[in-house]
Amino acid sequence: MTQIPIAEIPEEGLSLSYSEDPAELDLAVSGVRFPQPIAVDLVLVKAAQVISATGRIEASVMCECVRCLSPFLVRLDIPVATQFVPARPLLPPGEYRMPPEEAEDYHYQGDVVVLDDLVRQEVILAVPFSPQCRADCRGLCPQCGQDLNVGTCACAPPPDPRWAALREYLKGK
Ligand SMILES: [Zn+2]
Ligand SMILES: [Zn+2]
């Protein structure tokens, strides 16, 4: 776990450059794997109780194309510009609220900032939501499963949905 004692952040800021084993981060994103270490480059600057973190995170993620299901590697180059603010005392139930301008902040407890929280969150947010191996991926034939990027198949094109209502009507006759 990568955590930095706040007392060790000097006046001029603290530059950090390290790589993190994805397995250590508990990156629970279904359908993807992180085959390489995650590179973290950050500068922490302390101003009163707020610790700003700027820099970048680089990661590689093995995704599965949503159309043709083939695995492919996506490089993530994530700019980071955020801050850690002290964790607030817990509010009684029903009084929870998160002011929108603070929604992006990370929190720290006590006198350390846990960088793993930041790295985990930023990487998870950067994973493509519906990854496609290429913009014009043709996907698989819905009938026989042929990868249409590789070749065509003999299946008839799917019936035009616009005629479905008419077909239903004729069937009833
Ligand atoms: Zn594809
Ligand atoms: Zn087919």
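The exercises below work through the sheet, the core and the confidence of a predicted model.

**Exercise 1.** Determine the strand order of the sheet and name its edge strands.

Solution. Begin with the order: five strands run β2-β3-β4-β5-β6 in an open sheet, and their pairing is mixed. Next, look for strands that pair on one side only; these are β2 (14–20) and β6 (106–108), the edge strands.

**Exercise 2.** Describe how β3 and β4 pair, and find the partner of A39 in β4.

Solution. β3 covers residues 38–47 and β4 residues 50–64. The two strands are antiparallel, with nine bridges between them. Within β4, E58 is the bridge partner of A39.

**Exercise 3.** Locate helix α2 relative to the sheet.

Solution. Helix α2 spans residues 115–126 and packs on the sheet. Its contacts reach β2, β3, β4, β5 (71–86) and β6. The helix direction makes about 135° with that of β5.

**Exercise 4.** Identify what builds the largest nonpolar core, then examine I38.

Solution. The core has 20 residues. Two or more of them come from each of β3, β4 and α2, and β4 gives the most, with six. I38, A53, I57, A59, V113 and V119 have the most contacts inside the core. Beyond four places in sequence, I38 is in contact with S19, E20, P22, I57, A59, V119 and V123.

**Exercise 5.** State where confidence is highest and where it is lowest.

Solution. The average pLDDT is 87, and 89% of the residues score at least 70. β3 is highest, at a mean of 96, while helix α3 (residues 164–171) is lowest, at 76.

How values were computed:
Residues are numbered from 1 along each chain as its sequence is written. Chains are lettered from A and ligands numbered from 1 in the order in which they are written. This is a predicted model: local features need pLDDT of at least 70, side-chain atom pairs count only at pLDDT 80 or more; totals for chains, interfaces and linings use all residues. Two strands pair if DSSP finds at least two bridges between them. Helices (H or I, at least four residues) and strands (E, at least two) are DSSP runs, numbered from the N terminus. Two residues are in contact if their C-beta atoms, placed from the backbone, lie within 7 Å. Axes are lines fitted to C-alpha atoms, for helices over the stretch in contact, and angles run from 0 to 180 degrees between N-to-C directions. pLDDT is the predictor's confidence in each residue, from 0 to 100. A nonpolar core is a set of buried Ala, Val, Leu, Ile, Met, Phe, Trp, Tyr and Cys residues joined through C-beta atoms within 7 Å. A residue is buried if 20 or more other C-beta atoms lie within 10 Å of its own, exposed if 12 or fewer, and partly exposed in between; C-beta atoms are placed from the backbone.
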